[in-house]
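Dear colleague,

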Amino acid sequence: MQIKISSPDKLRGTITLPSSKSISNRALVINALAGNRTLPDNVSDCDDTNVMIKWLTDSESSIKSSEHLVDIGAAGTAMRFSTALLSVTEGTHTITGTERMKNRPIGVLVDALRQLGADVQYVEKEGYPPLRIKGNPDLEGGCISLPGNVSSQYISALLMIGPSLRKGITLTLTDNIVSRPYINMTLAMMREFGADAGWQGDDTIAVQPQPYAQRQYFVESDWSASSYWYEMVALSKDEDAEVTLPGLFATSLQGDSKVADIFKLLGVDTVHNGNTVTLRKNKDIVQRLNYDFVEQPDLAQTFVVTCCMMGIPFHFTGLQSLKIKETDRIEALKAELSKLGFTITDRNDSELLWDGSDAPQASACPAKAIDTYEDHRMAMCFAPASLLRESIDMNDPQVVTKSYPKYWDDLQSIGFRICGF
């Protein structure tokens, strides 16, 4: 499928964002381990969350059967969290996903689970899904080490099962710790469900074998999803552009709430009114943006596209986890921005740079259709580029269902024209 996206002259309106996928999936795991049969309130209605809900709400007899199959699709978060959860869930389970998922590494998590006593085997290729897991609700647990520069989802997956392990878990992180806000989000949510979990020094986390307590939990809106609306306000030619986003907590657990501070440097103010924010333009825009995204890697694509479209040179670091996301996001950004006339470069598999020299030519460059690489964030970060183009063509736009199913509906509600659905 290919669509054509054309932008409105004025950008005004109120948008209800999806609930946080990151919080939803953590809440589902912890909620299940607490023995609560009622789902948390306001969970995300996205693919990544729905695949978890599906297997978690299977009948007890199905989960305990020898034939229990969990198909996680393209949901990386769900694959990692479910692998750990199935390790302490009675029964024999096979967890699989799409072809891309079968090529996303999971060896770090499997090795760690095995050290804790779990029985996890590779079904096809060593180090990658699918996996066969013999769940053990009485898993030993104990002390393990893990590189701190791996995906924080591995770390969170291990921490969340900690209260159900006989010895709990003490996790020492070596090397530079990336995405620390996501780890802190996990720990904070665990404590809200009664866990005894926290940092012991700068590099060690201890989780005591103290069971979770049942409770109702409300999931807030997604700060990551807000980034595309910040991008639209930044790129809009409407000097009075204003977008209101209800449901965003000012004191959020989400590390991506940092988006407000970074976009202020690109001319967007954030006005808080309770749990609602309003985005408005300002004229104070930096000439160059240097930023380390090690703690907010999911925001990187938005800022790469925004800076190119605004003609703002940049040097972004801390991008190492982008190589193992839904696609190799570093290579995908380079390829798709070249279609818009921009030549960005990478270093050390963890940096992206642009000197701004080809901005004038790019503004007149006829663009080819943007490919989305089965990656929701590629679709959502490139759509706002239509605000500075006559239009943007995009292939396979339906990938947004992974985290923001109503994205195209929301764009149309605020005046974008989308042809081809």
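**Cores and aromatic pairs**

The largest nonpolar core has 72 residues, and those with the most contacts inside it are W229, F303, F316, F382, Y407 and W408. Helix α8 (residues 223-235) contributes the most to this core, with nine residues. A second, separate core of 62 residues includes I23, L165, M185 and F193. Such a core is a set of buried Ala, Val, Leu, Ile, Met, Phe, Trp, Tyr and Cys residues joined through side-chain atoms within 4.5 Å; buried means under 20% relative accessible area, exposed over 50% and partly exposed in between (1.4 Å probe, protein chains only). Helices (H or I, at least four residues) and strands (E, at least two) are DSSP runs, numbered from the N terminus.

This is a predicted model: local features need pLDDT of at least 70, side-chain atom pairs count only at pLDDT 80 or more, and totals for chains, interfaces and linings use all residues. Residues are numbered from 1 along each chain as its sequence is written, and side-chain values use heavy atoms, leaving out hydrogens and water.

The structure holds twelve aromatic pairs (rings of Phe, Tyr and Trp, the last by its six-membered ring, with centres within 6.5 Å; planes under 30 degrees apart count as stacked, over 60 as edge-to-face and the rest as tilted). F263 and F303 form a tilted pair, 4.4 Å centre to centre with 35° between the planes. F263 lies in helix α9 (residues 259-264) and F303 in helix α10 (residues 300-310), 40 residues apart. F342 and W354 form an edge-to-face pair, at 5.4 Å and 80°; both residues are buried.

Yours sincerely
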